[in-house]
Each structure stands twice: as structure tokens, then as C-alpha cells.
Amino acid sequence: MIASVAIQGVKGSFHHIVSQEYFDEHILVNEYLSFDNVVENVINGKHDAAIMAIENSIAGSIIPNYALIDHHHLHIVGEHYLDIQHHLMALPNQSIDDIKEVYSHPMALLQCKEFFKQHPHIKLIEDRDTAEVAQRIQKTQTKNVAAIASDLAADLFNLEILADSIQTIKHNETRFFIVKTQNSEIPEAEINKASVKFELDHKRGSLATILNVLSDCKLNLTKIQSLPKINVPWKYAFFVDVTFEYYDDYKKAKSIMEIMAQDFKVLGEYKNARL
């Protein structure tokens, strides 16, 4: 039973929206402005779980979050996909021509860069969180400044949307992990996706051999992400997501990978959110 969850960002953020959709609107949401603080307060037992964005369909993987989950031995117990719609918002009674600066998270700015090419008079400034900027504009009543955030943020902080869905690719999704300090209690029969990590020797065909194991065991590779080992130059760890129909197939592949790969680790076994 999860009673409280930690998120990066404030109410109105996309992490907040995920908390409402994955759990329900009654879940106690605790706000932090960095993923490090999110993880720290889950590890110390202050909250039952955390929600962490892990990849975006436009901007790609959020590498530091892979490292946080791995380093702190967190367990992925679920995933959630959210349609990300970025809206430009400011205090009421202003137009885009009035806006001189836009503050937002670097990934949001990246996802909307084509829109701002049409408005070269606007200065783009990186900030910590999308909704936190919206909150700050409302609190300080700052004019000529806009935020990029969700429509929920606009409603919460009484801002006017000057342009909606300004992301370059209109179908824009972010994948989120739900993580805990302990393994999930999902029955094996309901598990059809897993995230694992391993390292390999620098020799020809080592990665191909592992991938063949996945194929032979009827697993579908849905994601592979390499991450450099900081303390060993030019050595990499691989983070892999697989889906499967039968847990026994995954179990067989897992037992083989444990023998063939170095530092094999299961990051999570959970339900596939994209059936």
C-alpha cells in the first residue's frame, strides 16, 4: 500500500499528473526540486515511493536518473506513459509580443525549440522545473515573462495560455518509472516486463551473444541504453528493458545472463504499460 509519493517538481508538474493517473487524486504528493532529493527522501523512509521520468520520445533518455536508480539500489515497480503537451503561459492580458523571457526545464525548451524560432525576440532561460516557474510567475506577479508547462499548471496558478501544444512533435510522450526501496509484490503471473543491468567484456560479439539469448528465450528487447562507468574509462554498463508473454521464459534468460554477463542486476519486474 502506497500512501505517499515523492515527485520532482511542484503541483501542476507532469510528475504530479502521473501521480494522479497512476495512483489516484488522493495520494499524498511530496514536492522536491531535484531527483537527488526525491531519491534521498524515499531511501530514508519518508515516502513510500518516487516517480521519476526516465525517457522522452523526442529528447531521449534521462541518463542521470538511470544512474540514481542503479546507485541507490532502487526497485522499479511500475511504469507510466504520459502524453506531454507543452503550453506557453503568462499572467493574463498579455500577448506573445509582450513576452521577453521564457523560463523552463532544459528538456521542455529542447522539445519546443522550433516554436521559439518563430519568436526570436524571446530569450530562453533554463530553470529547474516547468510548473515551478508557473507558480513563481503567479506568486511574484511578474509580467513579460512566460512559462512552459501543463494546462493543469495554468489552472492551478491562474495563468493564461498564450499558445497551446507548442512542442515540435505533437505526439510527445514521456515514460516514468515508479520506484521503491523494496521489490514489488506483483504476482509472477502478472509480470510481463523487466529492466536489467549488466556489463560485458571488451571482446567481439559479447553484446550480440547476450541479445541472442534474449531472442532464443522469446524475449522482446524494447530498450537498450549504455552508461559509462565513471571509475573505469571506456567501460560501459548496459540497461535493458525486455517484454515477454511468460515469466518462465524471462526466468530462463535471466539465469543465463547471470552466468554470461558481469555484475548482472535486476532493476525491476513489473507490468508493461504499453500493451
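This is a predicted model: local features need pLDDT of at least 70, side-chain atom pairs count only at pLDDT 80 or more; totals for chains, interfaces and linings use all residues.
Residues are numbered from 1 along each chain as its sequence is written. Local features need pLDDT of at least 70, side-chain atom pairs count only at pLDDT 80 or more, totals for chains, interfaces and linings use all residues, and side-chain values use heavy atoms, without hydrogens and water.

Helix 6 spans residues 130-140; helices are DSSP runs of H or I with at least four residues, and strands are runs of E with at least two, numbered from the N terminus. Its buried residues are T130, A131, E132, V133, A134 and I137. Buried means under 20% relative accessible area, with a 1.4 Å probe and protein chains only. These residues pack against several elements, including helix 1 (14-22), strand 6 (87-90) and helix 7 (151-156). Contact here means heavy atoms within 4.5 Å. At the helix start, a side-chain oxygen of D129 comes to within 3.2 Å of the backbone nitrogen of A131. Just after the helix, Q141 has a positive phi of about 55°.

A search of the whole structure found 1 cavity of 30 Å³ or more. A cavity is a set of points on a 1 Å grid, over the protein atoms alone, where a 1.4 Å probe fits but cannot get out; lining residues have an atom within 4 Å of a point. The largest cavity has a volume of about 40 Å³, counted as the space filled by probe spheres set on the points. Strand 14 gives the most to its lining, with 3 residues.

K254 lies in helix 9 (residues 247-260). It counts as buried because its relative accessibility is 15%. K254 touches Y247, F264, V266 and E269, leaving out residues up to four places away in sequence.

Conventions
Buried means under 20% relative accessible area, exposed over 50%, partly exposed in between (1.4 Å probe, protein chains only). A polar contact is a pair of N or O atoms within 3.5 Å; within protein, one must be able to donate a hydrogen and the other to accept it, and residues adjacent in sequence count only if both atoms are side-chain atoms. On a 1 Å grid over the protein atoms alone, a cavity is a set of points where a 1.4 Å probe fits but cannot get out, and a pocket is an open set with protein on both sides within 12 Å along at least five of seven lines; lining residues have an atom within 4 Å of a point.
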